[in-house]
Amino acid sequence: MKALPIIFLLFTAMSGYGQQSVNSGKVTYQETVKLQLDLDTDNPMFEQIKGQLPDSRTTDKVLTFKGAKSLYANLPKEENSENQQIENEEGMTISMSFNTPDELFYYHSQEQKAIQQRSFMGRTFLVSGSEQFKWKITGETKEILGYSCTKATTGDSTQTVAWFTSAIPAFSGPDIYNGLPGLILEISLDEGKRQITATNIDLTPITTEVVAPSKGKKMDAELYAKMMEKKLKEMQQEFGGSGNVMIITSDQ
């Protein structure tokens, strides 16, 4: 009976050591967005190239976390834009340009402090605050990259589905998504129209500090959202479609 306290203390020490070993790390995510391309399908020239148009766009991101701080950013690449040209039999060319803005999202879970560095129409904004999610944790589970994850949902008409693992005690996740008791490894929005999935987890201790972004015009999240909504509506009226893709056509 006297040995029981010693065994209990040993187990407690080992548990504490395990939690310390995942105090920091990096998670790579793949973001996939379905493209909404509104083309004049009655035009025979568009019919010829319709099957060649991409139906989605994929980018890679990385989340760096240390203690209560995390930073979500683009995975470093040589280029931050992609161009694609498609030509039909009559010599009509469609040019498609995809840009990956240099954006950052910082979150401090203990202080519930969020700072976003967003790029829009050639300008950089430093946005303070973010949406506070009301998550509903379900009993459904699945495995992602060897970690047991639990499903959580939020939203009414447009539902967001998150899968998080309590095995990594970082109360953050990709982009603006946080507030669950563990690291979010997958996010699905609007029935999969936007999907963010972890592709690699590196729990090597981070030696540098996670620093909040400081570049851009300061603006609160509510005002920034209103500005974005207004500008996107203007783009839709000018170019048509959903505003997430600009298509330029030319005859050679």
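A residue here is called buried when its relative accessible area is under 20%, exposed when that is over 50%, and partly exposed in between, using a 1.4 Å probe and protein chains only. By that rule, D175 is buried, at 9% relative accessibility. Across the protein, 38% of the 252 residues are buried.

Before going further, some ground rules: this is a predicted model, in which local features need pLDDT of at least 70 and side-chain atom pairs count only at pLDDT 80 or more, while totals for chains, interfaces and linings use all residues. Residues are numbered from 1 along each chain as its sequence is written, and side-chain values use heavy atoms, with hydrogens and water left out.

## The overall layout

The protein has three helices and 15 strands. These are DSSP runs numbered from the N terminus, with helices (H or I) of at least four residues and strands (E) of at least two.

Contact means heavy atoms within 4.5 Å. Take the contacts between residues at least 6 apart in sequence: 59% of them join residues at least 24 apart.

T58 gives a local example of such a link. This residue sits in strand β2 and is partly exposed, at 34% relative accessibility. Setting aside neighbours within four places in sequence, T58 is in contact with Q30, E31 and T32. T58 and Q30 are 28 residues apart in sequence, yet their C-alpha atoms are 6.7 Å apart in space.

## Nonpolar cores

In soluble globular proteins, nonpolar side chains tend to be buried together. A nonpolar core, as used here, is a set of buried Ala, Val, Leu, Ile, Met, Phe, Trp, Tyr and Cys residues joined through side-chain atoms within 4.5 Å. The largest one has 30 residues, and the members that touch the most others are V27, Y29, W135, L183, I184, L185 and I187. Strands β1 (24-34), β2 (56-66), β6 (104-108), β10 (147-154), β11 (160-165), β12 (183-189) and β13 (194-202) each supply at least two residues of this core. Which strand gives the most? That is β12, with five residues.

I187 shows what such a spot looks like up close. Not counting residues up to four places away in sequence, I187 touches W135, T160, V161, A162, P174, Y177, R194, Q195 and I196.

## Salt bridges

A salt bridge is counted when a side-chain nitrogen of Lys or Arg lies within 4 Å of a carboxyl oxygen of Asp or Glu. That rule gives eleven salt bridges. In one of them, the side chains of D175 and R118 meet at 3.5 Å, N to O. D175 is in the loop between β11 and β12, while R118 is in strand β7 (residues 113-120), so this pair ties together parts that are 57 residues apart in sequence. R118 is buried too, at 11% relative accessibility.

D175 has a salt bridge with R194 as well, at 3.8 Å, N to O. R194 lies in strand β13 and D175 in the loop between β11 and β12, 19 residues apart, and the pair links distant parts of the chain.

For another setting, look at E222 and K226, whose side chains meet at 3.7 Å, N to O. They are four residues apart in helix α3 (residues 221-239), so about one helical turn separates them. Both ends are out in the open by the accessibility rule: E222 is exposed at 55%, and K226 is exposed at 51%. As for shared partners, salt bridges join E31, E103, R118, D175 and R194 into one network.

## Aromatic pairs

Rings of Phe, Tyr and Trp (its six-membered ring) pair if their centres lie within 6.5 Å; planes under 30 degrees apart count as stacked, over 60 as edge-to-face and the rest as tilted. The structure holds four such pairs. F133 and W135 form a tilted one, 5.5 Å centre to centre with 35° between the planes. Both of these residues are buried, and ring pairs link F133, W135 and Y177 into a cluster.

## A spot in a loop

S109 is in the loop between β6 and β7. Is S109 buried or exposed? S109 is buried, with a relative accessible area of 17%. Leaving aside neighbours within four places in sequence, S109 is in contact with A68 and F171.
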